[in-house]
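I opened my notebook with the sequence on one side and the model on the other. Here is what I looked up, entry by entry.

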Amino acid sequence: MPAPGENLRINPARLWDSLDQMAQIGPGVAGGCNRQTLTDADNEGRHLFKDWCTAAGMTMGVDTMGNMFFTREGTDLDALPVYMGSHLDTQPTGGRYDGVLGVLGALEVVRTMNDMGVKTRHPIVVTNWTNEEGARFAPAMLASGVFAGIHTEEYAKSRNDPEGKVFGAELERIGWVGDEVTGARKMKAMFELHIEQGPILEAEGKDIGVVTHGQGLWWLEITLTGKDAHTGSTPMNMRVNAGLGMARITERVHQIAMSHQPDAVGAVGQVTVFPNSRNVIPGKVVFTVDIRSPHQAKLDAMKAEVIRAAHAVAAELGL
């Protein structure tokens, strides 16, 4: 047991080893991960996580959205649980710590308390939320959104991935539809350790920061329809180029975000070009715009400006 006032110290080698083992599931580029939600790799990662939590003496609960909850009992049967965790799913080119650190860091806390014989009054619940990334099924934070009452379960389970596969069917396919009612659990608090996703702490030479606010966001999907044409034989003044329209809107998104500094960001992320041939002028482009700010008024203003800019570009180019 630690002395009164002394901080508990985890086993960093054990945590590092767990992170490395999880990263072997769904390996990605440059040492990262591609363990997108509800894939076979996600299923494999869930089972490994389950094995570790069970070995640490925790009991599992799974809700109807596939959210995983592992409970270490407290001494007070009436005390609300303290939750810790994040997500195991990744982006297609995700890092090995994004989300995973929050889940396995929480597990390491429980392992350390077990090692030291520490008992807590409140139960501790280590959590893995389903589809936090939203890379495969938009929007992000889908299952936690159902848990919080932001989305209905019917809406969430009807989401399609780019191949047309349905969230609910894929959740059933990998076998992680639980019997708990999503959102029925009560919490005392929720803690999430997360790797920094930006460069600020590193640039300032700091090891750790405390979150002061959350980013609000809008994901806008824009479809521009022009006319397929041969790049070599179609005169410039006779083209209806959907790709050109996307390029101009991309620049406008950047300008709009810059005009709302500080605390505003924006970019074009996912792009699908049709017919996507090197010698055909794009006749159709579907792309997403991601704008974010912790300030609601600023976020809404950026959204309105992006929509106006998109319509203006489309009108100018005949799209």
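**Entry 1: a leucine to begin with.** I started at Leu104, which sits in helix 3. One caution for both of us: this is a predicted model. Next I listed what Leu104 touches, leaving aside neighbours within four places in sequence: Leu15, Ser18, Leu19, Met22, Phe49 and Trp52. I also checked Leu104 against Ser293: the two are 189 residues apart in sequence, and their C-alpha atoms are 29 Å apart in space.

Entry 2: Ser18 belongs to helix 1. With neighbours up to four places away set aside, I found Ser18 in contact with Trp52, Leu104 and Arg111.

**Entry 3: the nonpolar cores.** Which residues have the most contacts inside the largest nonpolar core? I noted Met22, Phe49, Met58 and Leu104, in a core of 39 residues. Several elements give two or more residues to this core, including helix 1 (12–23), helix 2 (40–55), strand 2 (68–72) and helix 3 (100–116). Helix 3 gives the most, with eight residues. Another core lies apart from this one; it has 21 residues, among them Leu220, Met246, Val306 and Leu317. I then went back to Met22 and wrote down its contacts beyond four places in sequence: Arg35, Gly45, Leu48, Phe49, Trp52, Leu88, Val100 and Leu104.

**Entry 4: the domains.** I looked up how the chain is divided, and found domain 1 at 12–204 and domain 2 at 216–317. The C-alpha centres of domain 1 and domain 2 are 34 Å apart.

**Entry 5: aromatic rings.** How many aromatic pairs does the structure hold? I counted seven. The one I looked at in detail joins Phe49 and Phe70: the arrangement is edge-to-face, with 5.1 Å centre to centre and 80° between the planes. This pair links distant parts of the chain, since Phe49 is in helix 2 and Phe70 is in strand 2, 21 residues apart. Phe49 has a relative accessibility of 0% and counts as buried. Phe70 is buried too, with a relative accessible area of 0%. I also noted a cluster in which ring pairs link Phe69, Tyr83, Trp129 and Phe147.

**Entry 6: lysines over rings.** I found the charged end of Lys303 over the ring of Trp218, 3.5 Å from the ring centre. Lys284 lies over the face of Phe274, 5.3 Å from the centre of that ring.

**Entry 7: cysteines.** I searched for disulfides and the count came to zero. Cys33 is in none, and the nearest cysteine sulfur, that of Cys53, is 18 Å away. For the record, Cys33 is buried, with a relative accessible area of 0%. Cys53 also counts as buried, at 0% relative accessibility.

Notes: Residues numbered from 1 in each chain as written. Predicted model: local features only at pLDDT ≥ 70, side-chain atom pairs only at ≥ 80, totals over all residues. Heavy atoms only, no water. Domains from an automatic or database assignment. Disulfide = S-S within 2.5 Å. Buried < 20%, exposed > 50% of the residue type's maximum accessible area, 1.4 Å probe, protein only. Core = buried A, V, L, I, M, F, W, Y, C linked by side-chain atoms within 4.5 Å. Helix = DSSP H or I, 4+ residues; strand = E, 2+ residues; numbered from the N terminus. Contact = heavy atoms within 4.5 Å. Phe/Tyr/Trp six-rings, centres within 6.5 Å; stacked < 30°, edge-to-face > 60°. Lys NZ or Arg CZ within 6 Å of the ring centre and 35° of its normal.
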